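Trainee: Can we go through this model together? I'd like to start with the overall layout.

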Amino acid sequence: MVDKLWGGRFQQGAASWVEDFGASIHFDYQLAHEDIEGSLAHSKMLSKVGIISEEECAFIQGGLKEILADIEAGKVQFSVQNEDIHLNIESLLTEKIGSVAGKLHTARSRNDQVATDFHLWMKHRLPDVKAAIKNLQTELVLLADKHADTIMPGYTHLQHAQPISYGHYLLAYFEMLQRDYERFEFNEKHTDILPLGAAALAGTTFPIDREYVADELGFGNIYHNSLDAVSDRDFAIEFLANASMLMMHLSRMAEELILWTSFEFNYLELSDSYSTGSSIMPQKKNADFAELSRGKTGAVYGQLMGLLTVMKGLPLAYNKDMQEDKSGTFTTFDTIIAVLKVFTGMLETVTVKKDNMKAALKTDYSNATELADYLAKKGMPFRQAHEVTGKLVFEAIQEGIALEQCELKALQEHSALIEDDVYVVLNPMTAVNKRTSLGGTAISNVKKEVVRAKGILASK
Ligand code: ARG
């Protein structure tokens, strides 16, 4: 017999490098807390239904609590010979309380055990993700409030398009993050299901009480199919998908932070505490952390594709392939928490160069739509108004002047509909403020949306 918790039918052990290949303790040690939490609930239930005695339960519980304290005190060295966190803890328990430890695994398999640990791990961490999103949203709203009337060019195709409020821009990210928040909330629903009690795959002949375990562990629901319980990793895939979407949003903002802090744009300056210098070029101040966040998006997408591909084609129920579900999920959690914190810090300390933003609207023809709309409102068909304005823009570019610098007479040569009131219309602030349609960039709108956003934040 081989000296393993499952060694009964084995005559020969594996080489240590093979054991190492199969082990997950390198990363699933991070489930230690959840594994013990699950075992405490399971043993309590076993005693409640009379599968183990109260005395045996007390031994098991005492031992598990000691192990938890030892782990927290850094006194435990996990071993690769014991493969994973579950077998490590069970063997530590045997060392502590002797053979009664072997009763803990009654009516349980590592398959429903690992699934339970992983669900608990996720359940404990999703609130941290939501809190970190909320912190960043709060920062965006504060900044939007302050900059409702800071105007800048809005872009399409990265070309100046129409003037917008910087606050309006910031609130666009508030909205994206709100959807992310809601996605993680939904993720919580699919995580809040207890697998324990499914045993290896088919349920158990012991008279277990799954409702009791669910209550003990704080699960709102219980898997109603044992095969599904041990082989479902949707909650982790959803987490990675949500994380990918979040990172995609943050990566877009990162791109703008990088561009807008460049010499050419010069709209923003990141604080020294969120920038780095160059080892050779003394003048450099790089938006490294925005770049790094943009870069980390790649690995997060990779983890999503990784787990989707691991799960693809797996026959029911548990397969060892599924051991690959954890490390990428763990690192993704660390990544998104860190990136959200970095963005919150960058926005908390950013300097907004309002004057440069406004100055970028000079001679950029981003008020051309205003002129076309002006003509259309005076009765000219919009297509014709577009063409007339286009010709005027062309001429102004030749002369190197802005539309609002064209003399009235010159404008009137293109259309007699143009009158002196056109100059107010061409003012970028007018352009912004006239966009009062719901969701438009008018400053009055932005102020209203700030109030709405604050209400959303207050409600969560
Ligand atoms: N370390 C394993 C994992 O993470 C635990 C489950 C092992 N179950 C089994 N039947 N080998 O998936």
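**Domains, ligand and helix packing**

Mentor: The domain assignment divides the protein chain into domain 1 (7–106), domain 2 (111–359) and domain 3 (368–451). Those bounds come from an automatic or database domain assignment. This is a predicted model, where local features need pLDDT of at least 70, side-chain atom pairs count only at pLDDT 80 or more, and totals for chains, interfaces and linings use all residues. Residues are numbered from 1 along each chain as its sequence is written.

Trainee: How far apart are domain 1 and domain 3?

Mentor: Their C-alpha centres are 73 Å apart.

Trainee: Now the ligand. Which residues surround it?

Mentor: Around the ligand are Ser 24, Asp 28, Asp 84, Arg 110, Asn 111, Val 114, Tyr 318, Lys 320, Met 322 and Gln 323. A residue counts as near if its C-beta atom, placed from the backbone, lies within 6 Å of the molecule.

Trainee: Which helix gives the largest share of that shell?

Mentor: Helix H6 (residues 110–146) does, with three residues. Helices here are DSSP runs (H or I, at least four residues), numbered from the N terminus.

Trainee: And by class, what is in the shell?

Mentor: The shell has three nonpolar, three polar and four charged residues. Ala, Val, Leu, Ile, Met, Phe, Trp, Tyr, Cys and Pro count as nonpolar, Asp, Glu, Lys and Arg as charged, and the others, Gly among them, as polar.

Trainee: Where does the ligand lie relative to the domains?

Mentor: Between domain 1 and domain 2, because both give residues to the shell.

Trainee: Back to H6. At what angle does it pack with H12?

Mentor: H6 and helix H12 (residues 326–349) pack at about 15 degrees, with axes 9 Å apart. Axes are lines fitted to C-alpha atoms, for helices over the stretch in contact, and angles run from 0 to 180 degrees between N-to-C directions. H6 and H12 are therefore roughly parallel. Angles under 35 degrees count as roughly parallel, over 145 as roughly antiparallel, 65 to 115 as roughly perpendicular and the rest as oblique. By class, the H6 contact with H12 has 13 nonpolar, two polar and six charged residues.

Trainee: What about H3 and H5, how do they cross?

Mentor: The axes of H3 (residues 32–48) and H5 (residues 85–97) come within 10 Å and cross at roughly 60 degrees, so the two helices are oblique to each other.

Trainee: Which residues meet there?

Mentor: Ala 32, Asp 35 and Ile 36 in H3 meet Ile 85, His 86 and Ile 89 in H5. Contact means C-beta atoms, placed from the backbone, within 7 Å.

Notes: Two residues are in contact if their C-beta atoms, placed from the backbone, lie within 7 Å.
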